Amino acid sequence: MKNFTLFNLLFWLLISTAFPWGGTGHTIIVQIAEQELTPQTKEEIAKILGKHSLSEYARWADEVKREERIFEHTRFWHYSNLGGKNYFTVATPQEGDAVQAFVKMYEILSTPQSTPYEKEMALKFIIHITGDLHNPFHLGDASDRGGNDVRLIWNNKKTNLHSVWDSLIIEQEHPNWKTYGEELYQGLKNSQRQKYVNSSVLNWINETNAVFSQNNKAPYLFHQVNSLAKDYSSLYAKDIDNLLLKSGIRLGSLLNQFFDPQSVSSQLIEKRNEAHLRLKSYWGKTPLKAIRLPEAKTHCNSLLLSP
């Protein structure tokens, strides 16, 4: 592996803070979350991201994991190999998983003593990981890497099942997907919104797991003929819409909790914290050891932060 010089680091950081990250599902989720933010939350986030919006960083965590030196280890933060099983019955991998990464970022953003660098990194990761925890194939089977190894044809193009659920169904059902987040949000009833908000990460895992358990057999039946029928898209579009909406609403509530805590009920914060305590008890005496942010060099801090 080539030495990663200071010049390489500075060059990569400059382009990474200027490039607006894409990503269909994650962008929609962040768009929905932005509708939920209080004025104070928006102001505090602006202090961290500067002129950049949350939506610009919707897929940032996907992009940086490809950086082989300082972010390589974060590739494990995007999934948990549950395959429909209860989280508390699955061995926790030594390299960490999406649930551990979520809890770690939550703790950083909940701690006043966290440094500006830690807060920025945690913010960029949590807006992405929250979405991953609402995707059934990010909580899928290790045997096929969450559908990545399930090869198939989609509209005459080679792809895989994971990509179908990540983006392709959304793009087929909603060609103008860039405004779809707002449309989903506008159609949400307040009673349903409150139900989505009043939840912890354990509820999210259970709900996403249920969608995987109900729907994971049908894709493999389609795969036997090496092509997904057009009907497959409409068959699961509603499930995906619900997951996108849940994820966006919950992300917005989380960000309000971090940056405008008085806008969120103390009972809800307690519920979330209790779920994390239960998880940390399950993980053992040294939880979250694998979930570490890349080291911030003092002389590079100004470049590690968004302009």
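Trainee: So a pocket is an open set of points on a 1 Å grid over the protein atoms alone where a 1.4 Å probe fits, with protein on both sides within 12 Å along at least five of seven lines, and lining residues have an atom within 4 Å of a point. Which residues lie nearest the centre of the largest pocket here?

Mentor: Those are Asp62, Asp132, His138, His162 and Asp166, out of 37 residues that line the largest pocket. Keep in mind that this is a predicted model, where local features need pLDDT of at least 70 and side-chain atom pairs 80 or more, while totals for chains, interfaces and linings use all residues. Numbering starts from 1 along each chain as its sequence is written, and side-chain values use heavy atoms, without hydrogens or water.

Trainee: Okay, which elements give two or more residues to that lining?

Mentor: Four do: α2 (24-36), α6 (116-132), α7 (161-173) and α12. These labels follow DSSP runs numbered from the N terminus, helices being H or I with at least four residues and strands E with at least two.

Trainee: Which of them gives the most?

Mentor: That is α7, with six residues in the lining of the largest pocket.

Trainee: And Asp166, where is it found?

Mentor: In helix α7. Its relative accessible area is 24%, so Asp166 is partly exposed. Under 20% is buried, over 50% is exposed and in between is partly exposed (1.4 Å probe, protein chains only).

Trainee: How many residues apart in sequence are Asp166 and Asp132?

Mentor: They are 34 residues apart in sequence, and 9.3 Å apart in space from C-alpha to C-alpha. Both Asp132 and Asp166 are among the residues nearest the centre of the largest pocket.

Trainee: New topic: His78. Buried or exposed?

Mentor: His78 is buried, with a relative accessible area of 2%. Look for His78 in the loop between α4 (60-64) and α5.

Trainee: Now the charged pairs. Why would side chains pair up at all?

Mentor: Side chains can pair when they carry opposite charge and their charged atoms come close. We call it a salt bridge when a side-chain nitrogen of Lys or Arg is within 4 Å of a carboxyl oxygen of Asp or Glu.

Trainee: How many salt bridges does that rule give?

Mentor: The count comes to nine. One of them joins Glu107 and Lys280, with the closest N and O atoms 2.7 Å apart.

Trainee: What does that pair tie together?

Mentor: Glu107 is in helix α5 (residues 98-110) and Lys280 is in helix α13 (residues 266-283), so the pair ties together parts 173 residues apart in sequence. Glu107 is partly exposed at 23% relative accessibility, and Lys280 is partly exposed at 24%.

Trainee: What about Glu207, which residue does it form a salt bridge with?

Mentor: With Lys246, the closest N and O atoms being 3.2 Å apart. Glu207 sits in helix α10 (residues 201-215) and Lys246 in helix α12 (residues 230-259), so this pair ties together parts 39 residues apart in sequence. Glu207 is partly exposed at 26% relative accessibility, whereas Lys246 is buried at 17%.

Trainee: Which residues do salt bridges with shared partners join into one network?

Mentor: Arg59, Asp62 and Lys65. Within that trio, the closest N and O atoms of Arg59 and Asp62 are 3.2 Å apart. Arg59 is partly exposed, with a relative accessible area of 24%, and Asp62 is buried, at 10%.

Trainee: Last stop, the strands. How many bridges join β1 to β2?

Mentor: Four, and the two strands run antiparallel, with β2 covering residues 157-160. Strands pair if DSSP finds at least two bridges between them. Leu152 stands opposite Thr159 in β2, and Ile153 stands opposite Lys158.

Trainee: Which residues of β1 are on its covered face?

Mentor: Leu152 and Trp154 are, while Arg151 and Ile153 make up the uncovered face of this strand, residues 151-154.

Trainee: And what do β1 and β2 form?

Mentor: A hairpin, with two residues between the strands. In the turn, Asn155 has a positive phi of about 50°.
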